Amino acid sequence: GASLTLSQGITDVPENTYVGVGGSFSAQGANALAAVNSLGGELDVYNAQLTNIQAGSGTLNNSGSLLIYQPGTNVNINSPIVNSNDFYAYLGSKVQIAGALTNESYSQVLIYSSATLTASSVANEGTTYVYGGATLNTPSFTNDGTTYVYQQNSNLNAGTFSNTNYAAVYNNGTLTSTNFTNTGYLSTNNGGSVLADTFNNADNAYVFVGGTPDGGPDRKSTRL
């Protein structure tokens, strides 16, 4: 495969710029993505090999687009990541986040097309999609925005799942949790399954089996 060696690593992908990693990418023999602080433009990783991303500032801030795809593409993000725009994992890629994944309001995380994403925790204030045979694994998922899990073999596996706004599981998708707390709206239909060892439904919270009434709740932070 192709290779590119730089004199120094990348610390920033500025707005209106693009970096595509389809082969080996190094800086004087070291990882060229070992000290990335922020993504304001677009970073695509599709090299069918292991790539490590380490935020030099301690947290990777993505206000642009981070796209990880292609079978055999394995990306370890060895720091927390804050997404304030677009973060996609798809086409069989695997993403391991050593820290927390925070998806801010009006931002989206898409995990689809047989991809797998694992994070130490997920705090969703925007919109998170898990579909097309994809899997999201995390010990802790807090949903203050909107979460969709749908289509056959699509799985969101969480130790604890706290839903304060809107979660929908449908078209044979599955959400599994050891401890599910619902203080918002939860909708399941069309073969969607929620499997919980413990399910706590608070006062003034809603569970809709077979869908949501016309109009539904106010789905804050949703961008479709």
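Q: How many aromatic pairs does the count come to in this model?
A: The count comes to 17 aromatic pairs, and bear in mind that this is a predicted model.

Q: Why is the pair Y150 and Y170 called stacked?
A: Their ring centres are 4.9 Å apart, and a pair needs centres within 6.5 Å. The planes sit at 10°, and under 30 degrees counts as stacked, so stacked is the label for Y150 and Y170.

Q: What makes this a link between distant parts of the chain?
A: Y150 belongs to strand 19 (residues 146–150) and Y170 to strand 21 (residues 166–170), 20 residues apart.

Q: How do you know whether Y150 is buried or exposed?
A: Check its relative accessibility, which is 14%. Buried means under 20%, so Y150 counts as buried.

Q: Why is Y170 called partly exposed?
A: Its relative accessible area is 22%.

Q: Which residues do ring pairs link into a cluster?
A: Among them are Y46, Y69, Y88, Y150, Y166 and Y170.

Q: Which residues have the most contacts inside the largest nonpolar core?
A: I77, F87, I97, L101, L117 and L156, in a core of 44 residues. A second, separate core has twelve residues, including L110, Y131, Y150 and Y166.

Note on methods
Residues are numbered from 1 along each chain as its sequence is written. This is a predicted model: local features need pLDDT of at least 70, side-chain atom pairs count only at pLDDT 80 or more; totals for chains, interfaces and linings use all residues. Side-chain values use heavy atoms; hydrogens and water are left out. A nonpolar core is a set of buried Ala, Val, Leu, Ile, Met, Phe, Trp, Tyr and Cys residues joined through side-chain atoms within 4.5 Å. Buried means under 20% relative accessible area, exposed over 50%, partly exposed in between (1.4 Å probe, protein chains only). Rings of Phe, Tyr and Trp (its six-membered ring) pair if their centres lie within 6.5 Å; planes under 30 degrees apart count as stacked, over 60 as edge-to-face and the rest as tilted. Helices (H or I, at least four residues) and strands (E, at least two) are DSSP runs, numbered from the N terminus.
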